[in-house]
Amino acid sequence: MAKVEAGMAGNVWKVLVKEGDEVKAGQEVVILESMKMEIPVAVEADGKVTKVHVQEGDFVNDTDAIVDVE
Amino acid sequence: MFTKVLIANRGEIALRVIRTCQKLNIQTVAIYSEADADALFVREADEAYCVGKPPVNQSYLNAEEIIAIAKKSGAEAVHPGYGLLSENASFATRCINEGLTFIGPSPNIIASMGSKIEARKTMKEAGVPIIEGINTSLESEDEAKLAAKEIGYPLMLKASAGGGGIGMQLVNSEEELVKAFAGNKKRAESFFGDGAMFLEKYIAEPHHIEVQILADSHGNVVPLWERECSIQRRNQKVVEEAPSPFINEETRNKMLEAAIKAAQHIGYTNAGTIEFLVDREQNFYFLEMNTRLQVEHPVTEEITGLDLVEEQLKVASGAKLSFTREDVTRNGHAIEVRIYAEDPKTFFPSPGKITEFKLPEGEGIRNECAIEAGSQVTPFYDPMIGKLIAWGQTREEACSRLKRALEDYKIEGIKTNIPMLIKTVSHEQFLKGYTTTQFVNEYYLPLLTSTK
C-alpha cells in the first residue's frame, strides 16, 4: 500500500476520488490551495484508493497522508 | 509619521517594507514562525518576535498573537504586506479597535471588495464597466441555468468569496454547468464559509491589465499607470510589466479614468489595484480590486520613480499625497518575473535547502529577495523566493537585460522556474508584446513536448 502525501502545506480545495476508485499513475486525486493557487496532487502508480484521509476545507502539512492507494 | 511599525508578513515583502522604514527612520518589528527563525527579514528588523509554529494558521494568521506583539513592542501601525492577513477585514478591524493603524483601506472596503458579487454591484454603480453576468447569488441549479441561458455560454462560474486563481471554473454548456454547480457551491461553503456563486461571460483571449492607484484620506486619488500581468500559470501571475505593450493611449486613459472613478466612489484610501480583463478589441471590464500592496508593485516604482511603501506609510499616517496625476510621469519600461521554487514543467512546489545563491547584477536590474545561501525553502509557505525586475529605456532593452540577468541567476539545491522564465522572455510572442492569459498553455507548454 502506498500513502500519498500532501507534499506541501495547504488547504484541501477539492477531493477528486473516493474509496474504491481505480486510479492511474499521474492521475490527480486531490487539489490543494495555497496563496489563492490550486495545486494538484497526483498518484505515482496505478492502483485502487483504499482510504481518503482528508475532507475539503481541511488544513494539511507536507507529510500528511491524504489518500492510501493499493 | 509613525516611529515604529510591525510587519505582519514574512519573506521578501517583509524585507521590502523594512527597507523603506529604515530609509524613513521608522523602527521595525518583525514577526516570524519557528520555521523562519533564521530568515534574513528577521535579522534586518530592529525587533523580532516568534509568533508560533510553522503552519500559517498557527503563526502568520494568528491575529490575536500578532496584535499582542504589536502592543507589547509599542508599534503604532501594522503593515500587512500581501497575502496572509492583508485582505482580512476582521484583522483590520481588530487592529483599529486596539488603537493600531492598519496600513491599508478601511475594513468595510476590504470586506466589500472581498465579496466579488458586492464588488461587481459597487463598480456598476460607480460607472466602471463590468463583465456581462449576474450580480446576485445563485441559490439553485435552476436559477443558474436560467441566468446562463440569458447570458450565453461559455461562462465562468465563480465563488463570490474566491479570487485570484481559486474558486472559478469555465463552463461551456448547460451540461457542464449542472455538473459543476452543486459541488462548487458546497466547496465554497466549506472553504470560504460563503457559498454564494455567480456567473460571468467568458472573455476569449483576455489580457490581464491592472491599474495601480494611491489614495489619501483627503479625497485625492492618483493613478500610477497600469501593469500588464497576462502571463500566468494556474491563474497566478509569473511575469508582469509596465506599461502594457498591448493597449493604446486611448484605452489606457479610459482605464485610468475608470480606476479613479472606482476608488472615489468607494472612498478608498491607501494603495490599491483595480484589475481588469481586456479583450481583443481593447474593451475592458472590472475583474476584482486588490485592497493592498501587490507582489508586482516594483514595476510601477521603476517607471514612476515612486516608493509605494513610503506612500502607503505617509497616507496611513494621515498625510496628503504630495503629487497629482500630472506629476506622475512614465519613464521607460519595466518587467518583473517571479522566481518560484517549483518544477519548471509541472509547476509543483520544490522545497529544499539552497546550497549556492548569487543574485544577478547589472544596469537596470533590481532584486527583491529575502533568501541567501543556506536558506531553507519550507513547504509551509508560498514557494516564491524572489522577484527580479529589469528596467530599460525601451521594452526591447528591458527584455534583453532581463534575459541576461535570468541567465546569470545562480541558485542551486532546489528546482526553480528560471528555465521557464528564460523560455518565456525570449519567446517571439512575448517579444512581440502580445500576451494573453493563455500564453503558458499556448506557447510555453508546447515547447516542452516538442523538445522531449
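1. Helix α4 (residues 89–97) and helix α5 (residues 107–114), both of chain B, pack against each other in this predicted model. The angle between them is about 175 degrees, and their axes are 8 Å apart. Angles over 145 degrees count as roughly antiparallel, and α4(B) and α5(B) are therefore roughly antiparallel to each other.

2. The contact between these two helices can be followed residue by residue. From α4(B) come B:Ala89, B:Ala92 and B:Thr93. From α5(B) come B:Pro107, B:Ile110, B:Ala111 and B:Gly114. By type, the residues of this contact are five nonpolar and two polar, with no charged residue.

3. Chain B is split into domain 1 (4–103), domain 2 (132–201) and domain 3 (207–450). Between the C-alpha centres of domain 2 of chain B and domain 3 of chain B there are 29 Å.

4. Next, the nonpolar core. In soluble globular proteins, nonpolar side chains tend to be buried together. Here the largest nonpolar core has 157 residues. The residues with the most contacts inside this core are B:Leu6, B:Ala30, B:Val78, B:Ile213, B:Ala259 and B:Phe276. Helix α9 (residues 249–266) of chain B gives the most to the core, with eight residues.

5. B:Phe276 deserves a separate entry. Leaving aside residues up to four places away in sequence, B:Phe276 touches B:Ile209, B:Glu210, B:Met255, B:Phe284, B:Tyr285, B:Phe286 and B:Leu287.

6. Is B:Gln429 buried, partly exposed or exposed? There are 14 other C-beta atoms within 10 Å of B:Gln429. A residue needs 20 or more to be buried and 12 or fewer to be exposed, so B:Gln429 is partly exposed.

7. B:Gln429 is found in helix α14 (residues 428–432) of chain B. When residues up to four places away in sequence are not counted, B:Gln429 touches B:Tyr434, B:Thr435, B:Phe439 and B:Tyr443. B:Thr93, one of the contact residues of α4(B), is 336 residues from B:Gln429 in sequence. In space, C-alpha to C-alpha, B:Gln429 and B:Thr93 are 46 Å apart.

8. Last, the contact between the chains. How many residues of chain B are in contact with chain A? There are 17 from chain B, in contact with 18 residues of chain A. Helix α8 (residues 174–192) of chain B gives the most to the chain B side, with three residues. That side divides into seven nonpolar, seven polar and three charged residues.

Notes: Residues numbered from 1 in each chain as written. Chains lettered and ligands numbered in written order. Predicted model: local features only at pLDDT ≥ 70, side-chain atom pairs only at ≥ 80, totals over all residues. Axes fitted to C-alpha atoms, helices over the stretch in contact; angles between N-to-C directions. Helix = DSSP H or I, 4+ residues; strand = E, 2+ residues; numbered from the N terminus. Parallel < 35°, antiparallel > 145°, perpendicular 65-115°, else oblique. Contact = placed C-beta atoms within 7 Å. Nonpolar A, V, L, I, M, F, W, Y, C, P; charged D, E, K, R; others polar. Domains from an automatic or database assignment. Core = buried A, V, L, I, M, F, W, Y, C linked by C-beta atoms within 7 Å.
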